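Biologist: I have a new structure to go through with you. Can you put it up?

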Amino acid sequence: MTAGKKTKRVLVLYYSQSGQLKKVLDKFVAPLEKCGGIECDCRAIKPVISYPYPWSFYSFFNIFPEAVYLDGCEVEALDIKGEYDLIILGYTVWFLSPSIPITGFLKSAEAKRLFAGKPVVTVIACRDMWLIAQEKMKSLLENTGAHLRDNVVLTDQGKSLYTFITTPRWMLTGKKNAFWFFPKAGVADEVIAAASRFGKRLCSALRNDDEQKNGPMLRNMGAVNVNGKLIATERIAHRSFLIWSRLIKKAGPPNSRRRNVIITIYAIFLLTLVLTVVPLNMIIRKIIYPLRKQAIDETITYYEQPSGK
Ligand SMILES: Cc1cc2nc3c(=O)[nH]c(=O)nc-3n(C[C@H](O)[C@H](O)[C@H](O)COP(=O)(O)O)c2cc1C
């Protein structure tokens, strides 16, 4: 770094249950830590009441309405002093929404103080449905006064149809291994390792003071890959999530018998939907894709922002 330039401070925040997102951030941040003149401060967000992992069936669905409606939860204070030049925020997706601890943190007074006016890079590691969650993230960040500069997304290996089984199996049992014809659960090791390229680019961006300008710093790096076939599915699913969440909330508080009854009905409804409407929807989308290609391509470009493909 040029003599006389002040050390830049980067804050890395995350909430990870199995440690996968933490692994992604470790690879992402490693080149930044080696980059002269840059200081990284890596902190985990900790909910006051921890969430289980692996999850039981009912604990998994009990948090569904609170996740969808962005209620958040109480989180431990980070007690961070001073300011940062850049914030890297790692989050996972829970029911098409940022995970509850991340939402809870972003709604806290501490987040507002740390994020106001700061450039933020979001890093997501999830199954493969993150579009609506990132829309919600944009509004949470806007409420803190932060500027979203880039978004990097790593998704689980294997086709959507397979991860629909492998990811919940992992969440409910803790097992990630490949079985039958299903691939291993989670993001592929080589994809995680390749996340270091973003840290390298951020190192040169910070040296050029690019974080003080407008616009993305991680363009043309394959930061995101929007699956056009999942856009409609996510939008429809989210609409139904809003309705069911309201019903489940009305039924009773978390873990009450009444809430669990509605959750059981919802789970049966969801399974029926996945086995009938989802495949039918996929076939219809495939047929009408050529007719709607332009509109779908425009929507893909929208969701790819700010970093692009
Ligand atoms: C309650 C719950 C809901 C989830 N919902 C989604 C989802 O809507 N979309 C998605 O792509 N992944 C979803 N996932 C997977 C997570 O985004 C993430 O990949 C997984 O929790 C592993 O992250 P971690 O172990 O680093 O915390 C969900 C996971 C949990 C526990």
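Biologist: Let's start with K112. Buried or exposed, or in between?

Modeller: K112 is partly exposed, because 14 other C-beta atoms lie within 10 Å. A residue is buried if 20 or more other C-beta atoms lie within 10 Å of its own, exposed if 12 or fewer, and partly exposed in between, with C-beta atoms placed from the backbone.

Biologist: Before we go on, what kind of model is it, and how are residues numbered?

Modeller: It is a predicted model, where local features need pLDDT of at least 70, side-chain atom pairs count only at pLDDT 80 or more, and totals for chains, interfaces and linings use all residues. Residues are numbered from 1 along each chain as its sequence is written.

Biologist: Where is K112 found?

Modeller: K112 is in helix α5, residues 109-115. Helices (H or I, at least four residues) and strands (E, at least two) are DSSP runs, numbered from the N terminus.

Biologist: And what separates K112 from E142?

Modeller: Their C-alpha atoms are 10.0 Å apart, and the two residues are 30 apart along the chain.

Biologist: What about E110?

Modeller: E110 is also in α5. E110 counts as partly exposed, because it has 15 C-beta neighbours inside 10 Å. Not counting residues up to four places away in sequence, E110 touches A77 and L78. Contact here means that the C-beta atoms of two residues, placed from the backbone, lie within 7 Å.

Biologist: Now the whole chain. How many helices and strands?

Modeller: There are 12 helices and 7 strands. The radius of gyration is 20 Å, close to the 19 Å that the globule rule gives for 309 residues, so the chain is as compact as a globular protein of that length. That radius is taken over C-alpha atoms, and the rule is 2.2 Å times the number of residues to the power 0.38.

Biologist: How is the chain divided?

Modeller: Into domain 1 (8-225) and domain 2 (229-302). These bounds come from an automatic or database domain assignment. In contact across the boundary are 14 residues of domain 1 and 16 residues of domain 2. On the domain 1 side, α2 (57-62), α3 (64-68) and α6 (131-144) each give two or more residues.

Biologist: Which residues have the most contacts inside the largest nonpolar core?

Modeller: V10, V12, V24 and I87, in a core of 74 residues. A nonpolar core is a set of buried Ala, Val, Leu, Ile, Met, Phe, Trp, Tyr and Cys residues joined through C-beta atoms within 7 Å.
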